Structures are given as C-alpha cells and as structure tokens.
Amino acid sequence: MRRDDLTALTERFPGVVDFYGMITTAPSMIEFFERVRRVARTDASVLVRGETGTGKDLVARAIHALSPRAGGPFQAVNCALLTGDLLASELFGHVRGSFTGAVRDRTGVFALADKGTLFLDEIAEIPIEVQARLLRVLQEGRFVPVGGTEPVQVDVRLVSATHEALRLRVEQGRFREDLMYRVRVVPMFLPRLADRVGDVEVLTWWFILQQNAFGLRVVDKVHPAVRAALVGYDWPGNVRELRNVIEHAFAIGEGSTLTLDDLPPELRGVQPQRRPSDGPDELPDRELIVEALRKTGGRKAEAAALLGTSRSTLWRKMRELGLR
Ligand SMILES: Nc1ncnc2c1ncn2[C@@H]1O[C@H](COP(=O)(O)OP(=O)(O)OP(=O)(O)O)[C@@H](O)[C@H]1O
Ligand SMILES: [Mg+2]
C-alpha cells in the first residue's frame, strides 16, 4: 500500500525522496538526510533540534537504523513526561526497596539500550537533579541504579531531541552547561515545514493518497483556493498539523475535489468567534481547554478556534497548565 502511494506520488512529483518515512523534495531536507547518513556511522551524540511535528522522532530512528548499531536495541524516553525520581528510575533502573513502590528490581533504559541507541526526547525538560547522573553515565559509560551500589557498564549511543535551544535553558540556570556539550556534539536542525518550499504540496498529496487508500473518500483534485490556503499558511505544528488537516478534510468533506469547506477554520481565514467576555489576551481556563480539546478530538488548531484564542496562546497555556 505504502509502496503504491509512493509510486503515485512520484508520478506527480518526480524528484520525491522517501528517507525512513520522511517524504520531501526540498534540497534543505535532502542535504539534512546526507548529514544523517554521515553522522549515523559514528558514535557521536546527536542533538536533533526542530519545531514540533518536524520529524525529530523519525530522524532519531533513522540514525539508529543507519548505524552499525542497527542490529541492537533502540530505546526512547520522553524526558518531559516524568518527574525527577521516576525519570531517574526509568533511565537507570532501581533496586527493590529503594523507594516506596519499588517492590522489585527494575532495569532502566540505559541497560536496555546496551549495544544500541537511546533516544532522549525533549531533553531540555530533564529535571536538574537527574542531569548530574546523566552526565556521569555519558562521561564514564557507567551508572549506578537508583538505590543500588554496584555500577553497571553500558555501551550506548545517545540521540536527543529538543524543540528549544539548550543554550537558552543554560542561561536560565535550568540546564547544565557541561551536559549540553555532551549531548550536542553534533547538533542537527530540522527546517520548519513553512520554510521548505514545495513540501507543503508534496506532503498534502502524500497524506491524500494515504487517506484515499481507506476508500471512504477518494480525492483526485485540490481546488486552487485550497492550494493557496495551504501554501500560504504558517504551519506552527509542521508536518503533523498538515497530516491532521488532511485527515480533517476526509472526515468532514465529500467528493473528489478538496474544497475550502473541507479545511479547518484557521486555514479558511475565518475569524474565530470570541466569547463576549474575552479580552484579546485573556486566557481560557483549564476546564474550557480540556472541553475544547475533547470536542475537537485533541486537535489544537480547532480547539483554539473554538476558544476564540490563537494557537500560540493555547499552546502556551497548555504548557503552563501541564496539559499535553
Ligand atoms: N517529512 C515527512 N514526511 C512524512 N511524514 C512526516 C514527515 N515529517 C514528519 N512526519 C510525520 O509527522 C508526524 C510528526 O513527526 P515526529 O513525531 O517525528 O515529529 P517531532 O519533531 O518528533 O514532533 P514533537 O516535537 O511534537 O515530538 C509523524 O506522524 C511523522 O510520521
Ligand atoms: Mg517527537
């Protein structure tokens, strides 16, 4: 199915490249993939930087798949999802009885990733108290499980990802400078979707072909107004947002042409309805946000429109409230 989609896509866009699930025609991306190939051959710690939805996850997996460690394990941890103690135990494991709830020994991902690759996603969020431990294992290749005494030796290649500059975190005193140098031996920047000329159209068709394969609606034309709206949009959620927009179009629209009516409001240039009490900078509260996200199936762009606020405000507010 995927192969067929790719063949159909190549008919429309002859220069299209599929690099470990990343579809593109943009020279900046093709250059990026070349760098991935080269760095993958080494054991250097890579820091993948890029806005949300640009493909950091796919890059981390590609690095592993292209590396001499490909036959070994690939382990991934999101550093933003766990608090200090739990993250330390996730990374390094713990011994039974080392804290309440530690009813048996647990192997951490550093041990599980031995001879393979460990992907630390959202590394900027790693609690400061875990950073010293992480630094130590990167320097010495050894760590002691939480509550343990015996060091464990591991051979792990580290790939990390962040959507914000670690330097900024260092300046705020929230990230150790020595750790920053360890994790970003090779920094790699993924370009925003809006900056990759041509990719909006290529990926639009890529996702259309995937949706067509379900057979509920088959689209073979994109209205010029839709094309203009898609190309002119800023794509803060990058490729993930574009995929969601196409899914949205297939969920609510019908017929063989993708029309403006199929698009979510922010792409149609429709002004969201404000509740009368809302000032321009007034932020919606938690309940309203959760409700809006529930109604829109978790689509932030639509939820923001429902709430009558901008997406950036909604994202900021969700972050403040710890909503994901
Ligand atoms: N170039 C691409 N071609 C096809 N699909 C892509 C491409 N880039 C990203 N995607 C898809 O977009 C979605 C988001 O990608 P991914 O999870 O790798 O982004 P991310 O940078 O890790 O985002 P976040 O910072 O939110 O974790 C995934 O479904 C992925 O398959
Ligand atoms: Mg990711």
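Tutor: A salt bridge is a side-chain nitrogen of Lys or Arg within 4 Å of a carboxyl oxygen of Asp or Glu. This is a predicted model, in which local features need pLDDT of at least 70 and side-chain atom pairs count only at pLDDT 80 or more, while totals for chains, interfaces and linings use all residues. Side-chain values use heavy atoms, with hydrogens and water left out, and residues are numbered from 1 along each chain as its sequence is written.

Student: Why is the pair of arginine 176 and aspartate 178 called a salt bridge?
Tutor: The closest N and O atoms of arginine 176 and aspartate 178 are 2.8 Å apart, which is within 4 Å, so the pair meets the definition.

Student: What makes arginine 176 count as partly exposed?
Tutor: Its relative accessible area is 30%; buried means under 20% and exposed over 50%, with partly exposed in between (1.4 Å probe, protein chains only), so arginine 176 falls in the middle class. Aspartate 178, at 34% relative accessibility, is likewise partly exposed.

Student: Why is the pair of glutamate 247 and arginine 243 called a salt bridge?
Tutor: Their closest N and O atoms are 3.8 Å apart, and this value is still within 4 Å, so the term applies. Both residues lie in helix H11 (residues 238-252), four residues apart, about one turn of the helix; helices are DSSP runs (H or I) of at least four residues, numbered from the N terminus.

Definitions and conventions
Chains are lettered from A and ligands numbered from 1 in the order in which they are written. Helices (H or I, at least four residues) and strands (E, at least two) are DSSP runs, numbered from the N terminus.
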